[in-house]
Structures are given as C-alpha cells and as structure tokens.
Amino acid sequence: MCFPCPTYPANGTLSAQRRPFLVSCLCHDMQRDREQANGNLCIENQLTRRLLLTVLVGSGISPAFPSSAKTKKQSPYDERRLLEQNKRIQRENNVPDDFPNFVREGFAVKVVTSNNYVTRDSGLVLWDIEVGQGDCPKDGQQVTFHYVGYNESGRRIDSTYLQGSPAKVRLGTNALIPGFEEGIRDMKPGGKRRMVIPPELGPPVGPSTFFSSKQFEVFDVELLSIQNCTRRTIGFYSDVVCG
C-alpha cells in the first residue's frame with residue numbers, strides 16, 4: 001500500500017492537484033526498491049547454491065536434483081494375447097489333439113495343459129494316452145520305442161516313424177536326455193505317453209548340438225518292448241547283447 005508524501009507550496013497549503021502524481025511517484029519508488037531487494041536476494045541464493053554444488057562435487061557427493069521427465073512404463077504381460085498367438089501357430093503346424101500350449105514372455109514360460117496332464121516334482125509334465133501292460137524297464141535293459149518330437153510351436157523336429165525304424169536304447173547309460181529317461185522308466189510295453197520336458201531336463205544347448213535354444217520339448221512316445229541284456233566276451237572282444 002502506497003502513502004503519498006504531501007508537498008506544500010510556498011503559502012503553506014496543500015496542493016491537492018499534485019497528490020496523484022506524488023502517489024504514483026512514491027509507489028514506483030517503493031516497487032523499484034522491492035525489485036532491487038528481490039534481485040539481490042536471488043543473486044545471493046544463486047551464489048549460495050553454486051557454492052554448495054562446488055563443495056558437494058569436490059567432496060565426491062552427487063547432489064540429487066528434482067526431475068520432471070517421464071519414465072517409460074513396462075508394458076503389461078498380456079498372457080491371453082500370447083496364448084492365442086501360440087495356439088494359432090500350433091494350428092498352422094497341425095499339432096495333435098490336446099497339445100500343450102506355451103505362453104512365453106522372454107525367458108519366462110508358462111505351460112498350459114488340460115486336466116489330462118500331471119506335473120511331477122522334477123518339472124516333467126506327462127499324459128498317459130494309453131497305459132500298457134507288463135513290467136516297467138530297469139537299468140541295463142533295452143527299450144524299443146517310437147517317438148515324435150515337437151518344439152513349443154508344435155513344429156515336428158524328429159520322428160522315428162518317418163525314419164522307418166524304432167529307437168533302441170539301454171537305460172542307465174546316459175543315452176537319453178534326463179526328462180525322456182525319467183518319463184519312459186515307468187511306462188509299460190504297449191503304452192503311449194506324451195512328455196513335456198522342461199529345459200532343465202532337456203538336451204544340451206550349443207552349436208555342436210541339434211538344439212539351439214533352451215525350450216520345452218514335447219515327445220509322443222510309444223513303448224514297444226523291453227529286452228534283457230547280457231555281456232558277451234569272446235577272446236579279447238566284449239559287447240552287450242540284448243534280446
């Protein structure tokens with residue numbers, strides 16, 4: 001608020017005509033003084049902040065300044081979209097009925113199956129399509145079986161049916177990947193089983209192997225027979241005969 005400083009003429013009476021000019025003049029003077037004071041205060045604050053910044057940097061402390069920049073939010077995990085995408089690709093690859101689906105987001109994979117499947121503590125997922133008869137194979141015995149292998153997209157990667165002859169492997173000799181051997185150990189001759197093998201129980205990955213990345217593998221296995229094996233030695237020659 002501005003108060004006028006009255007000016008008296010020579011005859012000692014107040015000149016009312018000069019009062020508006022005095023009020024305006026006095027207000028301008030006071031406003032100029034306030035601006036000058038604020039300017040001095042701003043300069044002092046800037047010098048203080050500059051001195052503080054110099055001290056912090058010199059002492060190895062990084063001061064924190066407020067930031068108004070927006071951080072990029074990570075896109076939500078759209079499970080339904082990825083599931084439908086996997087189903088579409090599998091349909092294009094003509095997968096068999098009740099084939100498991102895989103919802104992959106980077107290295108995280110979720111296996112989606114029907115109630116026909118069971119999951120073991122090891123992570124192996126199984127579905128007994130048809131249970132066989134007889135005894136289960138033991139270490140040292142030879143198993144004869146057919147199989148068809150698929151990847152997560154349902155693309156066929158191997159098949160003994162197409163090769164024209166079944167596979168024959170002795171159990172306990174590390175000839176099979178861990179998940180496959182675990183899955184075939186409790187099968188019975190004539191049985192058919194679908195195995196969903198996680199990467200932890202799958203084949204080794206590398207340029208010298210058939211597999212180039214850690215993925216789930218699906219195998220449809222048909223166990224044909226189990227044979228006992230014996231070691232035969234003739235002179236300096238020794239082998240194992242199964243039959």
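**Figure 1. Glu181 in helix α4 of the predicted model.** Glu181 is found in helix α4, and the coordinates shown here and in the following views belong to a predicted model. With a relative accessible area of 10%, Glu181 falls under the 20% limit and is therefore buried. The side chain of Glu181 reaches the backbone nitrogen of Gly172 at 3.1 Å, and the side chain of Glu181 also makes a polar contact, at 2.9 Å, with the side chain of Arg185.

**Figure 2. Asn151 in the loop between β5 and β6.** Asn151 is found in the loop that runs between β5 and β6, the latter spanning residues 156-159. The side chain of Asn151 reaches the backbone nitrogen of Ser153 at 3.1 Å, while the backbone nitrogen of Arg155 lies 2.9 Å from a polar atom of the Asn151 side chain. Leaving out residues up to four places away in sequence, Asn151 touches Phe99, Ile157, Gln215, Phe216 and Glu217.

**Figure 3. The nonpolar cores and the surroundings of Met195.** In soluble globular proteins, nonpolar side chains tend to be buried together. The largest nonpolar core of this model has 18 residues, and those with the most contacts inside it are Phe145, Phe180, Ile184, Met195 and Val221. The elements that give two or more residues to this core are the strands β5 (142-150), β7 (167-170), β8 (192-197) and β9 (217-227), together with helix α4 (178-185). A second, separate core has 10 residues, among them Phe99, Phe102, Val125 and Phe216. Beyond residues up to four places away in sequence, Met195 touches Val125, Leu126, Gly179, Phe180, Gly183, Ile184, Met187, Glu217, Val218, Phe219 and Val221. This list includes Phe180, Ile184 and Val221, which are named with Met195 among the residues with the most contacts inside the largest core, and it also includes Val125, a member of the second core.

**Figure 4. The hairpin of β1 and β2.** Strand β1, residues 101-105, and strand β2, residues 108-112, pair in the antiparallel sense over five bridges. One of the bridge pairs can be located by its residues, since the partner of Asn101 in β2 is Val112. The two strands form a hairpin with two residues between them, and Gly106, in the turn, has a positive phi of about 70 degrees.

Figure 5. Most residues other than glycine have a negative phi, and most peptide bonds are trans. Asp98 has a positive phi of about 55 degrees although it is not a glycine, and Asp98 is found in the loop between α2 (79-92) and β1. The relative accessible area of Asp98 is 28%, so this residue is partly exposed. Asn174, likewise not a glycine, has a positive phi of about 60 degrees and lies in the loop between β7 and α4. At 73% relative accessibility, Asn174 counts as exposed.

Figure 6. A disulfide is a covalent bond between the sulfur atoms of two cysteines. How many disulfides does the count come to? The count comes to one disulfide, and this disulfide joins Cys229 to Cys242 with an S to S distance of 1.9 Å. The torsion about the S-S bond of Cys229 and Cys242 is about 110 degrees, so the disulfide is right-handed. Because Cys229 lies in strand β10 (residues 229-234) and Cys242 in strand β11 (residues 237-242), the pair ties together parts that are 13 residues apart in sequence. Cys242 counts as partly exposed at 22% relative accessibility. Another cysteine, Cys136, is partly exposed as well, with a relative accessible area of 26%.

Methods: Residues numbered from 1 in each chain as written. Predicted model: local features only at pLDDT ≥ 70, side-chain atom pairs only at ≥ 80, totals over all residues. Heavy atoms only, no water. Pairing = 2+ DSSP bridges. Helix = DSSP H or I, 4+ residues; strand = E, 2+ residues; numbered from the N terminus. Core = buried A, V, L, I, M, F, W, Y, C linked by side-chain atoms within 4.5 Å. Buried < 20%, exposed > 50% of the residue type's maximum accessible area, 1.4 Å probe, protein only. Contact = heavy atoms within 4.5 Å. Polar contact = N/O pair within 3.5 Å; in protein donor to acceptor, adjacent residues only side chain to side chain. Disulfide = S-S within 2.5 Å.
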